[in-house]
Amino acid sequence: MATFTLDTSRLAGNEFTFVETIIEGRGRAIQLQWSQPTVNQDLDVYGYAIRAFPTEGQATD
Amino acid sequence: MSTRNQGFIVHPATGGLDTTTPPSLLKPDQLTLGDNIEYDVQSRKRRLGTGRYNASAVTGTPTVTAVADFWRHGASLSPTQKYVAAVGTKLYKDDGDGVWDEINAAWGTGAANTYITVAGGYAIFSTDNGDAPRTWDQTTEAALGGSPPTFNFSVFHLRRLFVNGGAANPSDLPFSAGGGISTWSGSDSSKLILDEDDGDRLMGLSQPFLGDLYAFKGPDMGSVWRIGGRTMLSFTKDRLFPGAPCVSHGSIITTPTDIFWLSRYGVHSLQATQKYGDAEQFFLSHPIQGTFRALNTARLNQARGFYHPTRNIVGWFVPDGSSTTNNLCLAYNYTRNQWSTWSFTGMGGASCAVMLDVAASSAAKKPRLFIGGYGGFVWRGDSATLTDDNGSAYNARIRTPILVRLGDSMTELQEKSFSTVTTFFRPVGNYSANLDVTIDGTTTSYSVPLVGNSDTLG
């Protein structure tokens with residue numbers, strides 16, 4: 001059983017967490033790229049999610 | 001509070017790199033770019049770093065054309081380990097101190113295809129430069145005894161050295177006597193002829209695979225042969241199938257479950273080719289054919305492959321675009337059947353080998369990827385320090401497909417208003433990664449803190 005230390009340990013633990021980034025834009029297509037160019041800094045991505053809504057109820061063109 | 005936003009979730013994202021299919025037709029969890037990454041069980045992470053094995057370059061900064069791990073038992077249960085290398089016009093050994101010591105001062109060339117085979121207590125050096133093969137038994141360096149053909153490559157199998165026949169007999173597969181790698185005449189040494197003058201020559205040999213050897217002809221039409229049997233009188237040769245012309249001996253990788261090799265058309269698996277033939281859709285490299293077609297095919301004969309069992313990877317150092325050096329590595333995770341590319345900063349892979357740490361204690365030894373470069377250095381890979389060469393940065397990049405359909409109510413025909421992007425990841429440190437968001441061709445950059453945003457309790 002792991003030890004949880006008040007005011008030190010994180011609720012999400014050390015194996016999984018998330019960050020929601022506010023973006024603004026309108027368009028039909030979106031593409032995402034994560035990059036880590038810095039010396040001796042890591043990157044370990046499990047997945048992603050996008051929040052969006054259609055700006056037109058029905059496609060018109 | 002209600003929101004108009006709808007969620008489009010891709011978690012876990014377990015797809016691999018695909019540079020063949022148009023980016024808008026891929027599944028959302030696939031990648032259009034996966035550079036300097038490895039695939040973990042359910043994630044994509046930055047590949048491990050490299051560091052210089054020898055702190056000082058070999059004098060003259062020549063090309064490391066071959067490097068190998070040389071273990072020798074002799075008459076002892078405790079073997080001695082050395083590294084050996086062909087560098088420029090010389091041969092070297094290393095005692096685990098990171099200093100290459102010269103054992104032959106004039107052999108080979110930095111521009112030739114050079115190979116090292118461990119056989120019968122010797123490291124055997126051979127090249128296509130016409131130099132007679134040399135041996136080293138961890139004490140004495142000498143010419144390979146007897147009158148062997150001037151071969152380019154060799155494999156140790158059934159206590160015999162199997163070699164290519166050289167320029168005079170390009171389709172021959174000579175073999176030495178059993179237990180006598182210096183015995184090339186007499187009743188126990190002979191050769192197999194693999195369809196002479198059929199438009200191809202013997203390009204390479206596999207390591208022993210399920211008891212047999214596999215021979216690869218090329219580089220024009222191609223054919224693959226199985227060499228069976230256990231004794232001189234029972235050796236057999238079977239032409240398994242035509243096609244898939246092998247580009248080099250160094251591109252052939254033998255694993256416990258399959259054999260892989262490069263042709264001028266793609267990367268092949270013996271298991272798949274035997275089952276389905278050499279149609280492109282069954283190439284191992286089919287997902288990255290776009291990347292493969294962009295390689296410098298005129299220099300594919302310089303490709304060198306490796307098998308890394310602890311990282312579940314086979315890979316090839318290849319020349320990209322118009323490069324005249326191997327500046328790109330194609331890495332294939334064979335447990336997930338997924339590709340990534342590795343771009344190294346300040347270094348290229350003229351040769352490579354997965355070797356056990358020579359300086360570590362027996363209990364601490366583990367396989368590491370070693371890369372022989374073009375400027376007198378050998379790099380030691382699998383480093384937890386995420387830099388290349390002498391502390392240079394390298395960029396790990398993960399790029400999704402072009403997402404045009406985010407659900408039944410957000411189709412390809414509808415404009416969308418995008419609100420947020422959520423990144424799911426493992427917290428790795430108190431620093432950030434870059435997130436580039438491209439909407440209809442316009443890119444905006446953001447920063448994603450990788451320390452995580454969950455609060456502490458208290």
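Author: Gladly. This is a predicted model. The count between chain A and chain B is three salt bridges.

Reader: Which residue of chain B forms a salt bridge with Asp42(A)?
Author: A salt bridge needs a side-chain nitrogen of Lys or Arg within 4 Å of a carboxyl oxygen of Asp or Glu. Here the closest N and O atoms are 3.7 Å apart. The partner of Asp42(A) is Arg426(B).

Reader: Which elements give two or more residues to the side of chain A that touches chain B?
Author: That side divides into 25 nonpolar, 19 polar and 12 charged residues. The elements, all of chain A, are β1 (17-27), β2 (30-36) and β3 (44-54).

Reader: How many residues does chain B bring to the contact?
Author: The area buried between chain A and chain B is about 7,200 Å². Carbon and sulfur atoms give 52% of that area. Chain A brings 56 residues to the contact, and chain B brings 78.

Reader: Which residue in β32(B) stands opposite Ser35(A)?
Author: Strand β32 of chain B covers residues 396-399. β2(A) pairs with β32(B) in the antiparallel sense, over four bridges. Opposite Ser35(A) stands Arg397(B).

Reader: Which strands are the edges of the open sheet in chain B?
Author: Four strands form that sheet, in the order β18-β19-β20-β21, with antiparallel pairing. An edge strand pairs on one side only. The edges are β18 (201-205) and β21 (236-242) of chain B.

Reader: Which residue in β19(B) is the bridge partner of Leu205(B)?
Author: β18(B) and β19(B) pair in the antiparallel sense over four bridges. The partner of Leu205(B) is Ala215(B).

Key
Residues are numbered from 1 along each chain as its sequence is written. Chains are lettered from A and ligands numbered from 1 in the order in which they are written. This is a predicted model: local features need pLDDT of at least 70, side-chain atom pairs count only at pLDDT 80 or more; totals for chains, interfaces and linings use all residues. Side-chain values use heavy atoms; hydrogens and water are left out. Contact means heavy atoms within 4.5 Å. Buried area is the accessible area (1.4 Å probe) that two parts lose on being put together, summed over both. Ala, Val, Leu, Ile, Met, Phe, Trp, Tyr, Cys and Pro count as nonpolar, Asp, Glu, Lys and Arg as charged, and the others, Gly among them, as polar. Two strands pair if DSSP finds at least two bridges between them.
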